[in-house]
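The sequence and the three-dimensional view come first, and the description follows.

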Amino acid sequence: MIVIKCGGSVLHELSPSFFTSVQQLRNSGLDVVIVHGGGPDIGQLLHALNIPSEFVNGLRKTTKDVLDVVQMVLNGKVNKTLVSLLQVNDIRAVGLSGVDDRLLQAKPIDLQTLGYVGEVVHVHVKIVHALLRHGYVPVIAPIGMDEHGQTYNINADTAAAAIAQALSADKLVFVTDVAGILNDGEVVKEATAHMIEAMIADGTISGGMIPKVKAALQALNSVNEVAIVSGKVPFYKEGTWHGTMMKKEVYV
Ligand SMILES: Nc1ncnc2c1ncn2[C@@H]1O[C@H](COP(=O)(O)OP(=O)(O)O)[C@@H](O)[C@H]1O
Ligand SMILES: CC(=O)N[C@@H](CCC(=O)OP(=O)(O)O)C(=O)O
């Protein structure tokens, strides 16, 4: 099983080779689950609607109005666009969010400072297995729900890591708009926790790459391999991966 997180940064620039890579993985016998982001699209609609929003520690502070927009964009626009793209590339896909069959049980991180931003407390994997069993690729929007039906905006990197861990995935792949972790313009082919911490400390890793590598390190507690790759070029071809690889055994 492989969990692929598709970043909002690259959703509108996915190359045909992205879909070929997904096909190749499926043909090699792996189940594929996709989790997507959509930060830039959310930002655009908030701006168009004149709804103010700010980021606190890399997370979008989510008021009730912001939550409405986040759900409209992720569940509506982004999820259905990605599902239709997969479909036209001959990949049978079904879109859902963490609300469907309570897939992502969530709780607020800190209502006071972040509003309706959630963290995953449990992943109810049954619906994912049911879809995989019937040959579908589940495409998941990172919206969570608590026991009262309140929904939450969950960072897509952390949602993907939680889903990969709950499914005991063999690999978690972050597809983004750069070819991997870059250091002096070069892709770091193999990264260790130690290297990543040093690169955060000296500013080499910044911005949106920080939550990604943190989610990657978290996932490595139970997932054997994590990759950070580009959605603009083939990331997997004939058994070879292109991007930054992180392996579990390096950390234990
Ligand atoms: N060392 C680094 N290597 C690669 N990208 C980095 C690095 N430091 C910061 N970044 C930034 O992280 C971005 C990817 O994060 P983000 O925009 O949040 O993507 P996504 O929407 O795919 O989650 C890159 O486009 C790049 O601008
Ligand atoms: C809490 C929080 O910040 N949620 C994110 C969810 C989307 C996301 O993570 O999209 P990317 O993968 O494109 O960054 C947001 O509102 O932008």
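Helix H2 (residues 39–48) packs against helix H3 (residues 64–88) at an angle of about 130 degrees, and their axes are 9 Å apart. That angle makes H2 oblique to H3. The model is predicted, so local features need pLDDT of at least 70 and side-chain atom pairs count only at pLDDT 80 or more, while totals for chains, interfaces and linings use all residues. Residues are numbered from 1 along each chain as its sequence is written, and chains are lettered from A and ligands numbered from 1 in the order in which they are written.

Helices (H or I, at least four residues) and strands (E, at least two) are DSSP runs, numbered from the N terminus. Axes are lines fitted to C-alpha atoms, for helices over the stretch in contact, and angles run from 0 to 180 degrees between N-to-C directions. Angles under 35 degrees count as roughly parallel, over 145 as roughly antiparallel, 65 to 115 as roughly perpendicular and the rest as oblique.

On the H2 side, Asp41, Ile42, Leu45 and Leu46 meet Val66, Val69, Val70, Val73, Lys77 and Val78 of H3; contact requires C-beta atoms, placed from the backbone, to lie within 7 Å. This contact of H2 with H3 comprises eight nonpolar, no polar and two charged residues. Here Ala, Val, Leu, Ile, Met, Phe, Trp, Tyr, Cys and Pro count as nonpolar, Asp, Glu, Lys and Arg as charged, and the others, Gly among them, as polar.

A second pair is formed by helix H6 (residues 156–166) and helix H8 (residues 209–219), whose axes come within 9 Å and cross at roughly 15 degrees. H6 is therefore roughly parallel to H8. In this pair, Asp157, Thr158, Ala160, Ala161, Ala164 and Gln165 of H6 meet Pro211, Lys212, Ala215, Gln218 and Ala219 of H8. Their contact has six nonpolar, three polar and two charged residues.

An unreviewed UniProt entry places a "binding site" at Gly38, Gly39, Arg60 and Asn153. These residues span 116 residues in sequence, yet no two of their C-alpha atoms are more than 11.9 Å apart, so they gather at one spot. Gly38 lies in the loop between strand E2 (32–36) and H2. UniProt positions follow the numbering used here, feature names are shortened, and annotations may be inferred rather than shown by experiment.

Definitions and conventions:
Contact = placed C-beta atoms within 7 Å.
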